[in-house]
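Here is a short report on a few places in one structure. Keep the sequence and the 3D view open as you read.

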Amino acid sequence: MLNIENLNLSFGDHKVLDDISLEVKKGEVITFIGPSGTGKTSLLRCINLLEKPESGRITLGGLTYDFGSITKKETLNLRRKTAMVFQQYNLFKNKTVLENVMDAQIVVQKKSKKAAHDKSMKELARVGLDGKADAYPHQLSGGQQQRVSIARALAVEPEVILFDEPTSALDPELVGEVLKAIGEVADSGMTIILVTHEMSFAKDISDRVIFMDQGRVAEEGPPEQIFNHSESARTQQFLRKFYTTTH
Amino acid sequence: MDIKYMLEIFPQFLSVIPITILIVVLSAVFGLLLSIPVAAIRIRRIPVLSQLMGAYISFTRSTPILLQLFLFFFGLPVLLQLIGFDITNIGAITAAVVCLIFFNGAYMSEVLRPAYLAIDKGQHEAAESLGYTPFQKMKGIVIPQMAPIALPGLGNAMIHLIHDSSLVFAIGVVDVMGLATIMSGDTFGMKQVEVFLTVALIYWGISMVSEQIIRLLERRKKRVLRKTGYELKEEEAGYSV
Ligand SMILES: Nc1ncnc2c1ncn2[C@@H]1O[C@H](COP(=O)(O)OP(=O)(O)OP(=O)(O)O)[C@@H](O)[C@H]1O
Ligand SMILES: [Mg+2]
């Protein structure tokens, strides 16, 4: 369903993503883990073209886009099939919770106000925030804001939702509610690409875990393999270090 | 002091107040329109153009506006002649308006630029990631957030403009100030205090009206700011008139 071939990204001389290829099936939950600065965020940003790779191809929803020669129209098209949940939520500050979820449906998808409203209330109910429809983002806790941003992503019915460390800006006591919301999105059959440092969550939710190191896919497999029987010394070292420093 | 005389001459000013207002409104509207591409060029740091705009802004800021008026009045026909238009006299009002548009285009671009830069990158990226076109993003997300930040600066520009417009009499425009100088000459300098006091009161009036309009917008802005969670600093709320 989502297919990335030979994606390359550099910032100046610094090669950040080195020939990445990835195939994702519909409804699959893929989690990226790996050391800081390895290119996980960059990869997600390439998928909805907040970063423009210098080469590679992506196929999504039956259409193939060549990063090297992608047009403005294709860029918008690809972005409209993906949705991003940011580490810092990035809710529109000038809009209410409801308007945040409705806006893209009206502005981008040209839906009627009524249809957008009904869809938005449904998605807000899914993340448990239909009661906050008229609040402004700054009136909500970080956890609530992130759940609204999940509703905003769901509301445009994307082919895939990209989550970039959705809980790492949150106070520890707020992490649970966001993970629960992501878990429900995964259960509903949505295709998900997730970057996280929540290892036990990754283990529970993922169909496949990919360990990235220095811009490359170092190891991939089912969570059971990566977390318990990794074949790569590098993965083992990363996980060992991770558990000893954070647990 | 001859208050009766002041009341007598006041109706004569009514006929020239529209000229002052016309100059102010045209300069404000087109100045704002001009300031948008100027700010955009500077924000994007488009090579060459950006430096040119920097020089233009610096020039308009660092030379007296009276001098700029003379430059436009005498220089514009020469410039037009160079590109093939043979107009020896462009009319004082036109020269004044064109000059003030250029002045305000520079001034307002320096209000818009920081307002734009104050918007968090995440706001842009959230809209982009959902497939907003640049226009949809500006209209729905960026400009509504810029407006409350830019408003005090634009309000100040407006008040300055009203004051600066009183200098156009120097190139022969018969606006409020222009009429005043004529009158003061007609009375052989006998009633100068009365004439200029009347004019001062008129400018006061025009400024008060504009200030009220700005305050109205200001109230809306405070509502927007409260909604978006910005804290409004006191010195940002008032205007130096
Ligand atoms: N806009 C940019 N300009 C220059 N270099 C960048 C830019 N964005 C990212 N980088 C570099 O690209 C590399 C990969 O960054 P990226 O944010 O993708 O890593 P990451 O795996 O998400 O790390 P973390 O776990 O810390 O979030 C880093 O070395 C980073 O410094
Ligand atoms: Mg990252």
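## A glutamine between two chains

In this predicted model, a polar side-chain atom of Gln136(B) lies 3.2 Å from the backbone oxygen of Val107(A). The side chain of Gln136(B) also reaches back into chain B. There, the backbone nitrogen of Thr133(B) is 2.8 Å away from the side chain of Gln136(B).

Where does Gln136(B) lie? It lies in helix H7 of chain B. Is Gln136(B) buried or exposed? Its relative accessible area is 15%. Gln136(B) counts as buried because that value falls under the 20% cut-off.

Now look at the contacts of Gln136(B), leaving aside neighbours within four places in sequence. From chain A come Arg80(A), Val107(A), Val108(A) and Lys110(A). From chain B come Gly131(B) and Ile141(B).

## The second largest pocket

By class, the lining of the second largest pocket has eight nonpolar residues, eight charged residues and one polar residue.

Rolling a probe the size of a water molecule over the atoms shows where empty space is left. How many cavities of 30 Å³ or more does a search of the whole structure find? It finds one. The largest cavity holds about 30 Å³ of space.

Residues from both chains line the largest cavity. Chain A supplies Ala83(A), Met84(A), Ser149(A), Arg152(A) and Ala153(A). Chain B supplies Ala126(B), Ser129(B) and Leu130(B). Three elements each give at least two lining residues: strand S6 (82-85) and helix H5 (142-155) of chain A, and helix H6 (121-129) of chain B. H5(A) gives the most, with three residues. By class, the lining of the largest cavity has five nonpolar residues, two polar and one charged.

## Around ligand 1

Next, turn to the ligand. There are 13 residues around ligand 1. Which of them come nearest? They are Ser36(A), Gly37(A), Lys40(A), Thr41(A) and Ser42(A).

For Thr38(A), a polar backbone atom is 3.1 Å from an oxygen atom of ligand 1.

## A buried leucine in chain A

Leu179(A) lies in helix H6 of chain A, which covers residues 172-187. Why is Leu179(A) classed as buried? Its relative accessible area is 14%, so it falls under the 20% cut-off.

What does Leu179(A) touch, not counting residues up to four places away in sequence? It touches Thr167(A), Glu198(A) and Phe201(A). Arg147(A) gives another reference point. Leu179(A) and Arg147(A) are 32 residues apart along the chain. Their C-alpha atoms are separated by 9.4 Å.

Conventions
Residues are numbered from 1 along each chain as its sequence is written. Chains are lettered from A and ligands numbered from 1 in the order in which they are written. This is a predicted model: local features need pLDDT of at least 70, side-chain atom pairs count only at pLDDT 80 or more; totals for chains, interfaces and linings use all residues. Side-chain values use heavy atoms; hydrogens and water are left out. Ala, Val, Leu, Ile, Met, Phe, Trp, Tyr, Cys and Pro count as nonpolar, Asp, Glu, Lys and Arg as charged, and the others, Gly among them, as polar. Helices (H or I, at least four residues) and strands (E, at least two) are DSSP runs, numbered from the N terminus. Buried means under 20% relative accessible area, exposed over 50%, partly exposed in between (1.4 Å probe, protein chains only). A polar contact is a pair of N or O atoms within 3.5 Å; within protein, one must be able to donate a hydrogen and the other to accept it, and residues adjacent in sequence count only if both atoms are side-chain atoms. Contact means heavy atoms within 4.5 Å. A residue is near a molecule or strand if one of its heavy atoms lies within 4 Å of it. On a 1 Å grid over the protein atoms alone, a cavity is a set of points where a 1.4 Å probe fits but cannot get out, and a pocket is an open set with protein on both sides within 12 Å along at least five of seven lines; lining residues have an atom within 4 Å of a point. Grid points are joined across faces, edges and corners, and a volume is the space filled by probe spheres set on the points.
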